[in-house]
Amino acid sequence: MFSFVNFMVLKPLYHAAPEKISNIAEKIHESMEDMDDIEKTYLYLLLGEMAKKEPEKLLPVLNIIVGDLRSTSNVYLAYIVVAEMSVKYPMEVYRYYRQLLQTWDRVPDVTVSAARTLGSIGRETEDDAARCLKAMAKRLKTIDEVHKGLILMEMKRIGEKYKHILVKFKDDIAAERESTTLGLSDTVALVMDFLEDRTLESIDHDVKGQREDIDVLENRVQNNADGVHHLKGILMSATGRMEAIQEKKQELEDKFEDVENVIEEAEQKTTEIEQKTVTNAPVWSRDVSKILNPEHDYDWRYLAIRLGYSGEDVRNWALSPDPTMAVLAEWYTTHKSSNATTAILTALQDMGRTEAAKIVERALQEADKLIPKPVGEMSDKPCPVFISYQWDHQPEVKTLKDHLEMAGYRCWMDIGQMGGGDQLFAKINEGMRAAKIVLCIVTSKYAKSENCNKEVNLANLLNKPIIPILIENISWPPAGSMSMLFAQLLYIQFFSEGEYVRGEKFWPDDKFCELLGQISYHISPDLELVSEGDKKLTFLHYKNNPVSSDVFLSYQWDSHSKVIDLFHRLSGEGISCWMDDIDLRDSAIPRVVRIEEAIRKAQVFVAGVSSKYRLCPDCKRQVNLSDALNKPILFILLDQGMTDPNDTTIQHYECINAEENWDNEKIFEIAQKIRSHLSSGHDNGEQTFENNNSAGTIVSLLESSIDPSTLPKKTKNNQTDSNPEKSRNASKSVTIQYKTSPVYVKHASVPGSSRSLPERSRSPRSRLPGRAESDQGIPTGNKHKRRSAICIIL
């Protein structure tokens, strides 16, 4: 038979004497099955030449050639032979259509041969054309940019015969128009011109038509030039007559001076009217402008600052005859949604400009009457918790919503409660304003969502407490426009490394208890939502009555030895202390809840500050909660080179530097400082507050499992009424005995958020207008009530 050397010379011999090689073709075919890959490589060089000139001689071994497409070494040469044979014998090659596509998908580098083969097959019948064009259009989306031009040209070759079928794939071809690959955009343009019948002849015809139009325009220009010349002659003759009139005009100029002044005033008024009418601001803006334009402590300038504009913007608007209208026009030009009016209304209410706020409220009420009510309106009972999320994580959020409602917190989310269309933003506004707290379910897509960004901004404008819940492992704060707001907040980590089933619980129990603790700062659960079965859950029902202590010790574990030494020494001095390492032993209650209650019960907050303490999120939460409860805060600096540890909004605290020495003298100094705060505290006593049929809002489920509505009421003689029903109907107040301190009422405080400024840190300039001194937080005469065990947030 043939040796390895024989195969190497077959191709040159075929060029020199093709008839001799053709005569021994059958013998070559018979030996193909016994050849190895290297021998076939040189044989395929010969077969490629024969496929171009005498493809009919290769038909007997076509199945063997197609079989070699599965080879890793000869797949390229075998596909070249198949492509050449498909030009003259497409239907014989079509028998192996599926194997050809599978090889193309497996080895994308054979695109040249594969596209040529499908181009030849597709020119046979309409069905073949549709099948081959569909296959090439599919791979056009995934193939490397370098090969796309070859596919497009083969698709055009099929379209030259079956153009009406190629038109169906016009969108797939046009999608490659923006490619930056060299030459590909020109190829796309060539195919598109072919589909849209833009040939050189048609373009030449269009150019000739445009040339005729240009000639017509040139004639018209020439005619106009002649007319202008004629008009110049008329003007020259009129100039003479004008000279005669000039003298009379001079006599009238004096009289026109008064008329010009009148016209100037009219123009100014016209400008003012145009500024008031040609604007994006609503109709009620004119009435609001009359109220805010006159100079006032809270006039249009304060409104502009509240809306986020700079001092340079205010200076520019000050030059306008109607600055308020200018501010509102700019606002509504850049804010198109219903949130724009909500932000204006909130700002006016916070400024104390109630007369202007009423104008906006009346306009909104009239507008609401024009909106048809959708099916499935929100229930009459508002939801205190608003959940903001991105729709890709709806199953997880629905699961969280169900568990929160099991815990007694009614939740608002758009699924099942909001209509679509034009009323979407109105429903978001309604749900947000009715809520007392906003939960942000933060993911990477949430941070990039425009609608979620609007919800966060609305919550921020409405001064709603915001609790971020992280359900994906992303950096904090997340990149995007929310980062400045989220950077000031402490998130709760719900995600874990393990897998979970969507629609089922995926968070750790301690993190859910931490969330319930954060929510309880602001609202209390609705016991009607909690069934008897749900009350048996460990995170909903337990006794939690930590012993009151003088001092709460906060620390990070790197300074544990010094803090526990301080614990024993202060205890020896007669000062009772609470420390998690000692007081949390053998406790079934979640750690975060016990720590929160201990801070509430303590009278002084003492923190052993180290470098790691400042970076610990749990330590930051403890400091923020203590500040929100107005506890005296004492920082003890333990590490070398420590400076003032306060990098938050806390303004009133004290520091003791203990980095150089830790001896009896330093311990005595700390004890004296603590005693000074304890001696300035208040006596134990009672505090009476209004019930208003909502006594359940005083004690949350995390504090006690007792229904506050069943507590007996004390009489004037301090005797408990034995008839609970009579007690509930006899008065609207409930008196509870506390051993540590009375109740402290705090307005709009959000622990852990960017708006959780303590009342004592507000300057007179930051007070809200229209409120009395006693409405700013705590009356001056009751400052001693700051160190309290329970904080009621209104």
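A residue is taken as buried when its relative accessible area is under 20%, as exposed when that area is over 50%, and as partly exposed in between. In this predicted model, Glu355 has a relative accessible area of 35% and is therefore partly exposed, whereas Arg353, at 7% relative accessibility, counts as buried. These two residues, Glu355 and Arg353, form a salt bridge in which the closest N and O atoms are 3.3 Å apart.

A search of the whole structure finds 28 salt bridges, among them one between the side chains of Lys141 and Asp172, with an N to O distance of 3.8 Å. This pair links distant parts of the chain, as Lys141 lies in the loop between helix H10 (126-140) and helix H11 (145-159) and Asp172 in helix H13 (residues 170-174), 31 residues apart. Lys141 counts as exposed at 60% relative accessibility, while Asp172, with a relative accessible area of 24%, is partly exposed. A further salt bridge joins Arg306 to Asp350, the closest N and O atoms being 3.0 Å apart; here too distant parts of the chain are linked, with Arg306 in helix H17 (residues 300-306) and Asp350 in helix H20 (residues 339-351), 44 residues apart.

Aromatic contacts were examined next. A pair of aromatic rings is described by the distance of the centres and the angle of the planes. The count comes to 15 aromatic pairs, one of which is the tilted pair of Trp476 and Tyr491, at 4.8 Å centre to centre and with 55° between the planes. Trp476 lies in the loop between strand E4 (466-470) and helix H26 (483-486), and Tyr491 in the loop between H26 and strand E5 (492-493), so that the pair ties together parts 15 residues apart in sequence. Trp476 is partly exposed, with a relative accessible area of 22%, and Tyr491 likewise counts as partly exposed, at 25%. The rings of Phe494 and Phe506, with centres 6.5 Å apart and planes at 70°, form an edge-to-face pair. Phe494 and Phe506 are both placed in the loop between E5 and helix H27 (509-520), 12 residues apart, and both are buried. Ring pairs join Phe494 and Phe506 with Trp507 and Phe512 into a cluster.

The ring of Phe194 has the charged end of Lys156 over it, 5.1 Å from the ring centre, and the charged end of Lys163 also sits over this ring, 5.0 Å from its centre. On the surface, Leu252, Phe256, Val259 and Ile263 form a nonpolar patch with about 340 Å² of accessible area together. Ile263 belongs to helix H15 (residues 200-277) and is partly exposed, with a relative accessible area of 43%.

Most residues other than glycine have a negative phi, and most peptide bonds are trans. Trp476 and Pro477, however, are joined by a cis peptide bond with omega of about -5°, and Pro477 is found in the loop between E4 and H26. Asn463, in the loop between helix H25 (450-461) and E4, has a positive phi near 60° and is partly exposed, with a relative accessible area of 34%. Asn630 also has a positive phi, near 60°; Asn630 lies in the loop between helix H31 (617-628) and strand E9 (633-637) and, at 1% relative accessibility, counts as buried.

Conventions. Residues numbered from 1 in each chain as written. Predicted model: local features only at pLDDT ≥ 70, side-chain atom pairs only at ≥ 80, totals over all residues. Heavy atoms only, no water. Phe/Tyr/Trp six-rings, centres within 6.5 Å; stacked < 30°, edge-to-face > 60°. Helix = DSSP H or I, 4+ residues; strand = E, 2+ residues; numbered from the N terminus. Buried < 20%, exposed > 50% of the residue type's maximum accessible area, 1.4 Å probe, protein only. Lys NZ or Arg CZ within 6 Å of the ring centre and 35° of its normal. Patch = residues over 30% accessible without salt bridge, like charges linked within 9 Å, V, L, I, M, F, W, Y side chains within 5 Å. Areas by Shrake-Rupley, 256 points an atom, 1.4 Å probe, with all protein chains shown as cover. Salt bridge = Lys/Arg side-chain N within 4 Å of Asp/Glu carboxyl O.
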